[in-house]
Amino acid sequence: SLRADDRKRRVLKDVFGFDDFRPGQAAVIEALLAGRHVLAVMPTGAGKSLCYQVPALVKGGLTIVVSPLVALMQDQVAALRLAGVAADTINSSLEREANVAAWRRVASGQTRLLYLAPERLMTERMLDALSRLDVGLIAIDEAHCISQWGPAFRREYEDLSRLRGLFPDVPIIALTATADEATRADIEARLFAGRAETLVLGFDRPNIKLAIEPKQDSKRQLLRFIERHQGKSGIIYCLSRRKTEEMAAFLEKNGVRALAYHAGMSKETREANQNAFMSLSGVVMVATIAFGMGIDKPDVAYVFHTDLPGSLEAYYQEIGRAGRDGRSAEAHMLYGLGDIRTRRMFIDDEDTSTEHKRRAHRRLDTLIGYCETAQCRRQVLLGYFGEDAQACGNCDNCLDQAPRADGGTEARIILAA
Ligand code: ADP
Ligand code: MG
Ligand code: ZN
């Protein structure tokens, strides 16, 4: 309604200081205010927190926020308090007195958002106490932790499936950046018995050109690619630690300012290399996947995979470090059959259940499908995240097809059939 729209915009502006909602936020907030359950799948940095913080303030009552890490909870509570919002957390890292004081504020109705770890929330005592209060909304952050198939399963999250029954009239929102179909279905089944509005949003990064090249001579291919991006910052991902160092040395020998980064290096070297990459422009970082978490450098011109990534999701996350400034950037991957064999071996050697292995192989198949498609790559990539897209005109397949009418497309379709 118009009035709800006014209210959520006013909260956005007055409390958080923003003029506009980011893609998806308004729709999620509307659904919650209308009393529906929501599963919101949005990439990291998309602004998931506001999706429950705004309705928490528009609605009356207490919003319970479940979050897996104490550090995350404390950051969020501190940020909300700075914005003048009565937020609290009760957790194991606080002194008993601090927790008691927080609970008093909650019980007296002052607190608007209460952040709890799942194991803290799901104690009988806490649930009993909360059931006497006016709970208006429950938010479950990092909701993929509930899925056994996800990369970050947490046993304490499983118990959250009881929330729906314990608070039958309270809308629940689950938030995650992990979007593969199996994990999503699992979250929906466990938290909502399949009855939630699912919103998958904003995964497109149209300024990143997507391309894949058959792997022949990685070093030469990499050098040729970098020559097209002289003086730009870039990230090169390699599968092994040894290879990052080899590649960095090779690039240095060829006049490229390159540094290596992997988990086997000393903390000092890693930090020094990361600082150089972050603060200088034109440095190429040759790294394993250990590099990247929390790296937010706007002017990374490309991400180059010398080896097959672990999954389509990992690929998406890794290439997402390019072009954050909105300028045209490139995601370039070398693709070789040997890499598929290596990845299959990794999966088979893992100490996990047969079912896990089966799913991991299937994820790998999806990635291979992306590598081998003759269709628009962005369509395939976004399709995997549940988004429909037009042919993008900014991937190798689109660009190959555009200017020519020599039957190349037809031949490929026939070969693919
Ligand atoms: P996520 O949890 O999806 O990774 P966050 O909720 O941490 O993302 O938000 C990422 C950043 O985006 C934060 O700095 C937040 O203040 C900012 N942000 C969120 N929504 C908006 C908006 N509508 N306008 C401007 N900035 C926003
Ligand atoms: Mg978040
Ligand atoms: Zn395309």
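Is Ala193 buried or exposed, and how many other C-beta atoms lie within 10 Å? In this predicted model, Ala193 is exposed, with 12 other C-beta atoms within 10 Å. Ala193 sits in the loop that links helix H10 (181-192) to strand E7 (197-200). Its backbone deserves a look too: although Ala193 is not a glycine, it has a positive phi of about 50°.

Glu142 is not a glycine, yet it has a positive phi of about 50°. Glu142 also belongs to a loop, here the one between strand E5 (135-140) and helix H8 (155-158).

Next comes a pair of helices. The axes of helix H2 (residues 25-33) and H3 come within 9 Å and cross at roughly 45°, which makes H2 oblique to H3. The crossing of these two helices is right-handed. On the H2 side, the contact is made by Gln25, Val28, Ile29, Leu32 and Leu33, while H3 contributes Leu50, Cys51, Val54, Pro55 and Val58. Sorted by class, this contact has nine nonpolar residues, one polar residue and no charged ones.

In total, 13 residues surround ligand 1, and the closest are Phe18, Thr44, Gly47, Lys48 and Ser49. The residues of this shell divide into five nonpolar, five polar and three charged.

Note on methods
Residues numbered from 1 in each chain as written. Chains lettered and ligands numbered in written order. Predicted model: local features only at pLDDT ≥ 70, side-chain atom pairs only at ≥ 80, totals over all residues. Near = placed C-beta within 6 Å. Nonpolar A, V, L, I, M, F, W, Y, C, P; charged D, E, K, R; others polar. Axes fitted to C-alpha atoms, helices over the stretch in contact; angles between N-to-C directions. Helix = DSSP H or I, 4+ residues; strand = E, 2+ residues; numbered from the N terminus. Parallel < 35°, antiparallel > 145°, perpendicular 65-115°, else oblique. Left-handed = near helix turned anticlockwise from the far one by under 90°. Contact = placed C-beta atoms within 7 Å. Buried ≥ 20, exposed ≤ 12 C-beta atoms within 10 Å, placed from the backbone.
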